[in-house]
Amino acid sequence: AYENTNIICELKRARDEENIFISLVFESPYISAEKLKNMFNMYSTPSEKMDKVGSGLSLYLAKQIIEAHNGEIIVESNEKNFSSYNIKLPAC
């Protein structure tokens, strides 16, 4: 996200009450489809850090934790410089 960007966080429960949805939406640079595809890989790093050794585990670990709880995460980015992280988890 850009510096000083507001992050909109929404938490919803599905009408069937079987799932909970968490959505994070914020202004950020456009993320290409190729980068979106690889952003959850172990040790992937943002392009601006490519001159450094890759050690980024945060998104990889986040996805592993979500999937361990039978959930899923979907990231979307549009060319109007907004990104959204959408998480679906069983309500238990």
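**Close-up 1. Asparagine 81 lies in the loop between strand 3 (72-78) and strand 4.** Strands here are DSSP runs (E, at least two residues), and they are numbered from the N terminus. This is a predicted model, in which local features need pLDDT of at least 70 and side-chain atom pairs count only at pLDDT 80 or more, while totals for chains, interfaces and linings use all residues. Residues are numbered from 1 along each chain as its sequence is written, and side-chain values use heavy atoms, with hydrogens and water left out. Phi of asparagine 81 is near 65°, a positive value in a residue other than glycine. Asparagine 81 counts as partly exposed because its relative accessibility is 26% (buried is under 20% relative accessible area, exposed over 50%, partly exposed in between; 1.4 Å probe, protein chains only).

**Close-up 2. Serine 83 is part of strand 4 (residues 82-90).** Serine 83 has 1% relative accessibility and therefore counts as buried. Its contacts (heavy atoms within 4.5 Å) are Leu24, Val25, Phe26, Ser28, Pro29, Ile31, Glu76 and Ser77, leaving aside residues up to four places away in sequence. With the side chain of serine 28, the side chain of serine 83 makes a polar contact at 2.6 Å. A polar contact is a pair of N or O atoms within 3.5 Å; within protein, one must be able to donate a hydrogen and the other to accept it, and residues adjacent in sequence count only if both atoms are side-chain atoms.

**Close-up 3. Glutamate 17 sits in the loop between strand 1 (7-13) and strand 2 (19-27).** Its phi is near 60°, a positive value in a residue other than glycine. Glutamate 17 counts as exposed because its relative accessibility is 53%.

Conventions:
Helices (H or I, at least four residues) and strands (E, at least two) are DSSP runs, numbered from the N terminus.
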